[in-house]
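Here are my notes on the model you sent over. Have the structure open while you go through them.

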2 protein chains.
Amino acid sequence: MTREPPENIAKYIDHTLLSMTATAVDVERLCQEALRCGFVSVCVNPYFVADAKKHLAGSNVRVCSVIGFPLGASTKESKAFEARQAVAHGASEIDMVSNLCALKSGRLQDVEEDIMAVVASVPQAATVKVILETCYLTETEILGACKIALGRGPLC
Amino acid sequence: MTREPPENIAKYIDHTLLSMTATAVDVERLCQEALRCGFVSVCVNPYFVADAKKHLAGSNVRVCSVIGFPLGASTKESKAFEARQAVAHGASEIDMVSNLCALKSGRLQDVEEDIMAVVASVPQAATVKVILETCYLTETEILGACKIALGRGPLC
């Protein structure tokens with residue numbers, strides 16, 4: 001028995017282009033595909049957020065931007081600045097990379113403050129998702145990072 | 001005939017650790033190695049600049065931080081903020097990744113404004129180097145990017 005995908009599967013897809021060599025033309029094509037297919041969002045690097053917002057004007061397709069991508073090793077203040085500006089440029093979803101270096105260093109408070117700084121920097125209406133890069137983490141670290149991302153970390 | 005390296009070769013080496021999983025202990029070891037060998041600098045991600053500065057206090061070893069690393073696809077304002085903060089945390093050298101997406105899009109003015117924003121954000125005493133990622137560029141793009149980085153680009 002084959003299980004068919006739900007009819008509204010497009011609504012679960014973040015159409016994403018984060019390539020180092022992506023061009024403005026590639027981003028325009030990404031947005032056209034998202035409009036045609038009814039994807040929930042396009043996800044681009046911060047430099048292209050304003051471009052994507054322009055191409056998606058008047059539609060329900062959201063713009064998502066990655067923050068601190070891909071290393072997550074910038075400071076909490078830089079990530080907060082980057083997130084705030086992405087929202088100002090039209091992003092309504094923020095995919096932030098958590099501070100993997102801090103986590104691997106056992107600095108759990110830094111991991112939490114990093115996330116909190118980004119959350120505090122954008123309006124409540126914006127969605128903030130936390131990228132954990134679990135492939136680099138032990139099971140214990142994954143559990144700890146999940147607790148922190150869910151707001152049940154060291155500072156709670 | 002073997003050509004020996006110059007005796008002062010250590011003075012040309014930026015001792016670098018930009019791994020996604022680098023820890024505070026790794027950074028401390030990096031700094032100890034730089035002190036022992038007399039390297040000109042250590043190069044770390046922004047999160048670790050303050051750590052490195054502390055470990056190198058009282059020495060001549062400089063702290064270098066990468067900015068917009070590795071994609072270069074953040075905004076000029078974010079790069080400027082990140083650079084300014086890295087200097088405030090103790091960096092005296094800034095290795096910024098140029099905006100490869102803008103370059104591949106033919107937006108040469110954006111490439112130049114990106115570099116200028118970072119240069120303007122730090123004190124004159126700080127060194128700013130521009131990472132061009134030439135492996136992704138055509139010969140024409142490399143020449144254009146070099147002209148821009150040397151201050152002989154579209155806005156000059």
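The points below go from the sheets to the aromatic pairs and then to a helix pair.

1. Ground rules first. This is a predicted model, where local features need pLDDT of at least 70, side-chain atom pairs count only at pLDDT 80 or more, and totals for chains, interfaces and linings use all residues; side-chain values use heavy atoms, with hydrogens and water left out. Residues are numbered from 1 along each chain as its sequence is written, while chains are lettered from A and ligands numbered from 1 in the order in which they are written.

2. Start with chain B. Its five strands make an open sheet, ordered β1-β2-β3-β4-β5, with parallel pairing. Helices (H or I, at least four residues) and strands (E, at least two) are DSSP runs, numbered from the N terminus, and two strands pair if DSSP finds at least two bridges between them. The edges belong to β1 (14–17) and β5 (127–131) of chain B; each has a single partner strand, so one side of each has no neighbour in the sheet. From one strand to the next, the twist averages 25 degrees. Axes here are lines fitted to C-alpha atoms (for helices, over the stretch in contact), and angles run from 0 to 180 degrees between N-to-C directions.

3. β1(B) runs parallel to β2 (residues 41–44) of chain B, and four bridges join them. Opposite B:H15 you'll find B:V42 in β2(B). Helix α1 (residues 24–37) of chain B packs on the sheet, touching β1 and β2 of chain B, and its direction makes about 170 degrees with that of β1(B). Contact means heavy atoms within 4.5 Å. Helix α5 (residues 108–121) of chain B also packs on the sheet, where it touches β4 (93–97) and β5 of chain B, at about 160 degrees to the direction of β4(B).

4. Now chain A. Here too, five strands form an open sheet with parallel pairing, in the order β1-β2-β3-β4-β5. β1(A) pairs with β2 (residues 41–44) of chain A in the parallel sense over four bridges, and A:T16 has A:C43 in β2(A) as its bridge partner. Helix α1 (residues 24–37) of chain A lies across β1 and β2 of chain A, at about 170 degrees to β1(A).

5. How many aromatic pairs does the structure hold over all chains? There are three. Rings of Phe, Tyr and Trp (its six-membered ring) pair if their centres lie within 6.5 Å; planes under 30 degrees apart count as stacked, over 60 as edge-to-face and the rest as tilted. One of the pairs is A:Y47 with A:F48, tilted, at 4.9 Å centre to centre and 55 degrees between the planes. A:Y47 counts as buried at 13% relative accessibility, and so does A:F48 at 2%. Buried means under 20% relative accessible area, exposed over 50%, partly exposed in between (1.4 Å probe, protein chains only).

6. Another pair is A:F81 with B:F81, stacked, at 4.7 Å centre to centre and 20 degrees between the planes. This pair crosses between chains, from helix α3 (residues 76–88) of chain A to helix α3 (residues 76–88) of chain B. B:F81 counts as partly exposed, at 21% relative accessibility.

7. Last, a helix pair. The axes of α3(A) and α5 (residues 108–121) of chain A come within 8 Å and cross at roughly 25 degrees. That makes α3(A) roughly parallel to α5(A) (angles under 35 degrees count as roughly parallel, over 145 as roughly antiparallel, 65 to 115 as roughly perpendicular and the rest as oblique). Residues making the contact include A:K76 and A:R84 of α3(A) and A:E113 and A:S121 of α5(A).
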